[in-house]
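Please read them alongside the sequence and the coordinates.

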Amino acid sequence: MIKEFLGKYLVSSTGEIYSKKTGQLIFQADNNSRNVAFYKRVKLYNESGIRRHYYVHRIVAALFIGDITGMSVDHIDGNQANNDVSNLRIVTQSENMRFMHAHRWSNDGVKIKYTKNSKIVSYVN
């Protein structure tokens, strides 16, 4: 599925971003990457013609899930490179910190699995 962003761009539910004018791919989704250290950003022109950075996961969530104003967007699998809409959920800041902690500090081999509505469903060794 593809939706329009800022009137100038087309965004897929997997996080790819295209120029509406030229059809050129501006941002290539790499949802299988394990480079989880940084959120993926893209420089786009806003409605005023000013170029600024946008986080890809926030664009995808806003277009395909709903209003993200004042909310955080969580990567369910903990992989910040995976911006597929199926891997994103809108959460409060405190929920996001709790989930981030669970992904980041599970060095003892325990992986916590959450459902989309933020409930713990299993612990896997």
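1. Confidence comes first. The term pLDDT stands for the predictor's confidence in each residue, from 0 to 100, and a contact means heavy atoms within 4.5 Å. This is a predicted model. The chain has an average pLDDT of 81, and 74% of the residues score at least 70.

2. Two stretches call for caution. Across residues 105-110 the pLDDT stays under 50, and the model gives this stretch five contacts beyond four places in sequence. Residues 120-125 also have a pLDDT below 50, although the model shows 17 contacts for them beyond near neighbours in sequence. Where pLDDT is low, the predicted coordinates should not be read in detail.

3. In general, strands of a sheet pair through backbone hydrogen bonds, either parallel or antiparallel.

4. The pairing of E1 with strand E2 (residues 9-12) is antiparallel and runs over four bridges. Glu4 has Leu10 in E2 as its bridge partner. The hairpin of E1 and E2 has three residues between the strands, and Leu6 in this hairpin takes a positive phi near 60°.

5. E2 also pairs with E3, again in the antiparallel sense, over three bridges. Here Val11 has Ile17 in E3 as its bridge partner. Four residues lie between the strands in the hairpin of E2 and E3, where Gly15 has a positive phi near 105°.

6. At the E4 side of the sheet, strand E3 (residues 17-19) and E4 are joined in the antiparallel sense over two bridges. Tyr18 stands opposite Leu25 in E4.

7. A further antiparallel pair is made by strand E5 (residues 41-45) and strand E6 (residues 51-55), with five bridges joining them. These two strands form a hairpin with five residues between them. In the turn, Gly49 has a positive phi of about 80°.

8. Lys43 is worth a separate look. This residue lies in strand E5, and its bridge partner in E6 is His53. Leaving aside residues up to four places away in sequence, Lys43 touches Arg51, Arg52 and His53. Is Lys43 buried or partly exposed? Its relative accessible area is 41%; buried means under 20% and exposed over 50%, so Lys43 counts as partly exposed. Between Lys43 and Phe27 the C-alpha to C-alpha distance is 9.4 Å, with the two residues 16 apart in sequence.

9. Which residues of helix H1 are buried? They are Val56, His57, Ile59, Val60, Ala61, Leu63 and Phe64. Helix H1 (residues 56-64) is thus mostly covered, with seven of its nine residues buried. After H1 comes Gly66, which has a positive phi near 155°.

Conventions
Residues are numbered from 1 along each chain as its sequence is written. This is a predicted model: local features need pLDDT of at least 70, side-chain atom pairs count only at pLDDT 80 or more; totals for chains, interfaces and linings use all residues. Side-chain values use heavy atoms; hydrogens and water are left out. Two strands pair if DSSP finds at least two bridges between them. Buried means under 20% relative accessible area, exposed over 50%, partly exposed in between (1.4 Å probe, protein chains only).
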